[in-house]
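User: I have a model open and want to get to know its inside. Can you walk me through it?

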Amino acid sequence: MTNRTYNGRDRLFLIIGLMGAVLLLGLSAWGQETGESLYKAKCAVCHGPNGTGKTPMGEKLKVPDMHSPEVQKMSDAELRTIIVKGKNKMLAYETKLSKEQIDKLMVYIRDLAKSH
């Protein structure tokens, strides 16, 4: 390994580069979606912000309350299938959400029952 000395300009570029990398890493972590943010963006218009289904669209479509035993007793595979393939008038999210996003949604839906 060589012992290199950096002049003032080189040090400035090195510092700016390191700061940029730290900023990009921070923005990537900050911008990550959560189950809650996905739910609010994709589900809340029908299922309501708290999962009760008490929205004009939810009542029209007769969407289930996410807190209900019928929803909460579903296996992860059943819940995943509904999210991926859709059900009745619910849209399919197979091509709209990644597996990771669906996993986050499922965890959030499970947590809705605990917070009710």
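Predicted model: local features only at pLDDT ≥ 70, side-chain atom pairs only at ≥ 80, totals over all residues.

User: Which residues of the largest nonpolar core touch the most other members?

Analyst: Tyr 39, Ile 83, Leu 97 and Leu 105, out of 19 residues in that core. Such a core is a set of buried Ala, Val, Leu, Ile, Met, Phe, Trp, Tyr and Cys residues joined through side-chain atoms within 4.5 Å. Buried means under 20% relative accessible area, with a 1.4 Å probe and protein chains only.

User: Which helix gives the most to this core?

Analyst: H7, with six residues. H2, H6 and H7 each supply at least two. Helices are DSSP runs of H or I, at least four residues, numbered from the N terminus.

User: What does Leu 105 contact?

Analyst: Beyond neighbours within four places in sequence, Leu 105 contacts Gly 35, Leu 38, Tyr 39, Cys 43, Ile 83 and Leu 97. Contact means heavy atoms within 4.5 Å.

User: Where is Gln 101, and why does Gln 101 count as buried?

Analyst: Gln 101 is in helix H7. Gln 101 counts as buried because its relative accessibility is 15%. Leaving aside neighbours within four places in sequence, Gln 101 touches Glu 33, Leu 38 and Lys 96.

User: What covers the buried residues of H7?

Analyst: The cover includes helix H2 (35-42), helix H5 (69-72) and helix H6 (76-85).

Technical notes:
Residues numbered from 1 in each chain as written. Heavy atoms only, no water. Buried < 20%, exposed > 50% of the residue type's maximum accessible area, 1.4 Å probe, protein only.
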